[in-house]
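Visitor: I have a structure to look at and some questions about how its parts meet. Can you take me through them?

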Amino acid sequence: VTGDAGRTIRGVAPLDEAGASDLSILAHPRYRKMARESSAGALLVKEGFEMEGRDQIVVADPHAGLAAILPRLYPPRAPQCGVSPDARISPGARLGAGVAAGPFAVVESGCTIGAGTILGAGSYIAEDCEIGGGTVLFPNVTVYERSRIGDRVTIHAGTVIGSDGFGYATQDGVHVKVPQVGAVVIEDDVEIGASVTIDRGSIGMTRIGRGTKIDNLVQIGHNVQIGAGCLIVAQVGISGSTRIGAGTIFAGQAGAAGHLRIGSRVTVASKSAVYDDLEDGSFVAGIPALDHRRWKRAQAAFARLPELQSQLRDLVARLEALEKGRTR
Amino acid sequence: VTGDAGRTIRGVAPLDEAGASDLSILAHPRYRKMARESSAGALLVKEGFEMEGRDQIVVADPHAGLAAILPRLYPPRAPQCGVSPDARISPGARLGAGVAAGPFAVVESGCTIGAGTILGAGSYIAEDCEIGGGTVLFPNVTVYERSRIGDRVTIHAGTVIGSDGFGYATQDGVHVKVPQVGAVVIEDDVEIGASVTIDRGSIGMTRIGRGTKIDNLVQIGHNVQIGAGCLIVAQVGISGSTRIGAGTIFAGQAGAAGHLRIGSRVTVASKSAVYDDLEDGSFVAGIPALDHRRWKRAQAAFARLPELQSQLRDLVARLEALEKGRTR
Amino acid sequence: VTGDAGRTIRGVAPLDEAGASDLSILAHPRYRKMARESSAGALLVKEGFEMEGRDQIVVADPHAGLAAILPRLYPPRAPQCGVSPDARISPGARLGAGVAAGPFAVVESGCTIGAGTILGAGSYIAEDCEIGGGTVLFPNVTVYERSRIGDRVTIHAGTVIGSDGFGYATQDGVHVKVPQVGAVVIEDDVEIGASVTIDRGSIGMTRIGRGTKIDNLVQIGHNVQIGAGCLIVAQVGISGSTRIGAGTIFAGQAGAAGHLRIGSRVTVASKSAVYDDLEDGSFVAGIPALDHRRWKRAQAAFARLPELQSQLRDLVARLEALEKGRTR
């Protein structure tokens, strides 16, 4: 702490909205000017960005600092209590201690729901699902039969777990459905955003590894296997049967073809399309995805293609002049 | 009006489906042939596209004409009446006059709903939301706590307002959630399509400006600020903390990185990716987005790259011939 | 059959999960090693990939084989019975024999639902819809008024049929809504994935042709016409009024602009953007979409652009040397 350590802080707010009793955050040099002009009572500042004359907490990682501070300033709302009389829990389902279910939630027979799990209003859990403890399903989530969801998983509103994969055998132009008889496994500590779709395995399982975080509107195809601790940003699509290692990042709107092996600690840039296997630690970009440095150089050259073309035309003219000179 | 102004028109139909009592529309030259062959009783025609021998209304903007005519031919259905006995409205919520709520809609405590607002079946409004008057939520919409939605807003089915942003602090490969304690503000006269996701602010607000229209399956990240009168077409993604001015257009499947300043009256072409700040009035395309004219020329050159390569090979051969000639 | 035709098989499982009483599948050469090491009791093998010393069924198309075998090993669950007392079916709706509706499903007045159709929990069918027989709507599907859905149609959870198209007339910077008065027609034997959005016609119909299959998170704009037997893979977007022939394939995350004519048996590669009409049988890729072979060659050249640039610099230097030589 630099400055007045006794200052009272009641909330956290963005630099341009914060007042005298708010803490604000400076994690990126582009917000320096904004931080200087901010009325925030105190700042949470990344090492190296310290501001003169400010009451501030200097930390190596302001986002980690925020993650530690916020639960104290904003204690999580006491969890919803009990099962709403308007929820429909099958007598054939087993509920752990302290399970909460909002109005119009449905749990079908054969399900097991762990202690302290919260099922939002209008959520639907089909037959024979297993859901762990301390898990939260926000409203209007749909879970197809036989899904297995771990402990401390969060699934945001509107998401669909276990829908049929896109599997057809085409015979004389008619697409005959291949029955989808597998299921989905979501391991512990996974968070899944809003309106995500995760297809069940065609046969066998689609699996989301422990601690992986999935953003909104992502599509995960049938039999995809995602390792632990991956980050899958919004609107990404992973095609069927592709396997992804641990700690891999897909940035927004990227995609991967089916049946690939993508390693651990891979980074796929936003908007990119992976069509080939990738080794551990790869960093790729583009459609199709190339090594990131190569893509960057090729992309820079792409932007100069009009100049390159006129340079080429000029070369041709000069060469012709030389050729004429030689024949004379 | 050209032709018979006394003609009776009962409906509006596409050129190839319209009959003698239908009005149809000709707004684009590519439909001229279809218009000639159409059985439509009358045409609404853009100036300059007048058809000979037709009963027609000639206007500068046929879509504006249509917007004026349609409510007369298709008076909007009398709004749904009252609160369904199957809706669950918390006694701690305040409802204005004439609020309607479909079966299985849920309004939690602390909410205020303005006069004449309609909440579709199965929609869920979490604690402490403020929704204005004359607003329509279609079925199965989910609104997280403390969202503020203005007057005359329309939100289509399946959309999620206020889900948590994708914010984690990664420590030794473990992604620790940064609590998302902000909310969403949707100003008056906004329309939001189906299955859209708008994340709450991490701290502070995510804001959609007055009169902005958002199409289906769009993702808006935490703390994004969109100005008034923007058009965000289907499947666009805007990453966290990016600010967009007024009257800006993102065409379909485009995206923007986080923490950017994108000006007013900007046009981002479909499929493009904005990675840098953009000045007012910019028109960009490509991944990464370039000035639109430059992108168009570079893209034309890209398509000719195979020829450019063989041209280059030819140049090398001719140059070598010259070089040999000189050394002889 | 090669090997022991009397072997008892109880289930189907992926190569690396299958045991002695499981059938597994080998359809692609990349899984040969896995097949060799698999503990599967028997294999369903594509002609040409036969494995030595294995009990196997050799077929021309293993996916078609699977489609035939799976219903015997996994008989479909007896369909849900009857209408839940917690569903709300308008007295003004007509239901065929054996219609099932889950808890909190809503059917408004004027609807007709065909025999044996299943409406999932929390699904909502607005006024005056016609739904055929043998159709399945999974939970939390929303169908807007006057939609027409055929026989044996499957619609997965969270999907929205008939939302308003993105139609505005912009006057002095204000976007005035063009009322959307058309509807959606979904023909027989169509399957639609999870969280898909299909907009109603502005005037007239949006139409999905018989036997077409649509994957998750796809956006279909107003007045789009898709022919029979098409495959529309996940996260594709088709803009308003575009017409697509029969048997056409859009791969994942591709898109098409509005008002286009796209022929039959066309293939659009993943991530591509179609901005122009396409003839029958076209195969295109890229943004904008080019002939697939041309795109592939141009894309290969793109990856070598840095080398091409240095080659060009070298040429310039050599040419300058020659030019100097001549002037001396």
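Guide: Keep in mind that this is a predicted model. Chain C and chain A bury about 5,500 Å² between them. Carbon and sulfur atoms hold 62% of that area.

Visitor: In chain C, which residues lose the most area to chain A?
Guide: Three residues lead on that side, and together they make up 11% of what it buries. They are C:Phe104, C:Lys271 and C:Phe302.

Visitor: How many residues does each chain bring to the contact of chain C and chain A?
Guide: Contact here means heavy atoms within 4.5 Å. On that rule, chain C gives 66 residues, and chain A gives 75.

Visitor: How far apart are the closest N and O atoms of A:Asp277 and C:Arg30?
Guide: The rule finds six salt bridges across the interface of chain C and chain A. A salt bridge needs a side-chain nitrogen of Lys or Arg within 4 Å of a carboxyl oxygen of Asp or Glu. A:Asp277 and C:Arg30 form a salt bridge, with their closest N and O atoms at a distance of 2.6 Å.

Visitor: Which element gives the largest share of the side of chain C that touches chain A?
Guide: The interface also has 29 residue pairs in polar contact, both at pLDDT 80 or more. Elements that give two or more residues to the chain C side include α2 (62–73), α3 (292–303) and α4 (305–327) of chain C. The largest share is 13 residues, and it comes from α4(C).

Visitor: And how many residues of that side of chain C are nonpolar, polar and charged?
Guide: Sort the side of chain C that touches chain A by class.

Visitor: Now chain B. Which three of its residues supply 13% of the area that chain B buries against chain A?
Guide: Chain B and chain A bury about 5,500 Å², with 62% from carbon and sulfur atoms. The contact joins 75 residues of chain B to 66 residues of chain A. More of chain B's buried area comes from this trio than from any other three residues: B:Phe166, B:Ile203 and B:Leu322.

Visitor: Which residue of chain A forms a salt bridge with B:Lys177?
Guide: The rule finds six salt bridges across the interface of chain B and chain A. In the one with B:Lys177, the closest N and O atoms are 2.9 Å apart. The partner is A:Glu191.

Visitor: Which element gives the most to the side of chain B that touches chain A?
Guide: Among the elements that each supply at least two residues are β17 (160–163), α3 (292–303) and α4 (305–327) of chain B. The top contribution is 10 residues, from α4(B).

Visitor: Back to chain A. Which residue has a side-chain oxygen at the start of α3(A)?
Guide: Helix α3 of chain A covers residues 292–303 and reaches 16 Å, close to the 16 Å expected. Its buried residues include A:Trp295 and A:Phe302. At its start, the backbone nitrogen of A:Arg293 has a side-chain oxygen within 3.1 Å, and that oxygen belongs to A:Asp291.

Visitor: Is C:Thr212 buried or exposed?
Guide: C:Thr212 sits in the loop between β23 (205–208) and β24 of chain C. A polar atom of its side chain lies 2.7 Å from the backbone oxygen of C:Gly227. Another contact, at 2.9 Å, is with the backbone nitrogen of C:Cys230. Its relative accessibility is 0%, so C:Thr212 counts as buried.

Methods: Residues are numbered from 1 along each chain as its sequence is written. Chains are lettered from A and ligands numbered from 1 in the order in which they are written. This is a predicted model: local features need pLDDT of at least 70, side-chain atom pairs count only at pLDDT 80 or more; totals for chains, interfaces and linings use all residues. Side-chain values use heavy atoms; hydrogens and water are left out. Helices (H or I, at least four residues) and strands (E, at least two) are DSSP runs, numbered from the N terminus. The expected span of a helix is 1.5 Å times one less than its number of residues. Buried means under 20% relative accessible area, exposed over 50%, partly exposed in between (1.4 Å probe, protein chains only). A polar contact is a pair of N or O atoms within 3.5 Å; within protein, one must be able to donate a hydrogen and the other to accept it, and residues adjacent in sequence count only if both atoms are side-chain atoms. Buried area is the accessible area (1.4 Å probe) that two parts lose on being put together, summed over both. Ala, Val, Leu, Ile, Met, Phe, Trp, Tyr, Cys and Pro count as nonpolar, Asp, Glu, Lys and Arg as charged, and the others, Gly among them, as polar.
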